[in-house]
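We will go from one stop to the next, picking side chains as we go.

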Amino acid sequence: MAIITVENFELEIKGVGDGLQFKSVDLPAYKTDVQHGDALMSGAKGSVRQTLTKKREAAVQITVVTLASGDAKSTSSLMRKWLLQCMPKAEDGGGFPTSARMAEGVIKSYNSAGEMVDSWKMSGVWICKYQIGKLSAEGGLLEETFTLQVDQFDPA
């Protein structure tokens, strides 16, 4: 059995910016929808078997972490700009226009040889939660965590 190690990954979100760099991306558990429940069923004569109905995972959340930066072209700044578009006008946001909440994207993982190991496509992506990291007198890098609501998440 060969063990696959992921050495690098990329997350592209159309309309947000090119070359987005994240410290980490937490992928959701992938579960295929089935008929007749989701427990493994016996294959004995007369028993009911699972039947796959769709090859998709609907409405999941993905957490991404990036380093805070004031540079206008940084991932941090581009994500905060997108966050403002996703916020209601009552909170000084862009009013959640269709373009902000209907982004599409892809996550790709690579091995140490630079070969793509796996990829997932996403649609209906928007930021639903934002958290700034811990401030400390001891110093350190400041992280920003964005939670993305993803209406459809599929292996690519």
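**Stop one: a loop**

Select Asn-111, which sits in the loop between β6 (103-110) and β7 (116-132); strands are DSSP runs of E with at least two residues, helices runs of H or I with at least four, numbered from the N terminus. This is a predicted model, where local features need pLDDT of at least 70, side-chain atom pairs count only at pLDDT 80 or more, and totals for chains, interfaces and linings use all residues. Residues are numbered from 1 along each chain as its sequence is written, and side-chain values use heavy atoms, leaving out hydrogens and water.

Asn-111 is buried at 18% relative accessibility (buried is under 20% relative accessible area, exposed over 50%, partly exposed in between, with a 1.4 Å probe and protein chains only). Now show Ala-113: the Asn-111 side chain reaches its backbone nitrogen at 3.0 Å.

**Stop two: salt bridges**

There are four salt bridges, each a side-chain nitrogen of Lys or Arg within 4 Å of a carboxyl oxygen of Asp or Glu.

Pick Lys-108 and Glu-10, whose side chains form a salt bridge at 3.8 Å, N to O. Lys-108 is in strand β6 and Glu-10 in strand β1 (residues 8-13), so the pair ties together parts 98 residues apart in sequence.

Next, select Glu-144 and Arg-80, a salt bridge at 2.8 Å, N to O. Glu-144 belongs to strand β8 and Arg-80 to helix α1 (residues 75-86), 64 residues apart.

Methods
Polar contact = N/O pair within 3.5 Å; in protein donor to acceptor, adjacent residues only side chain to side chain.
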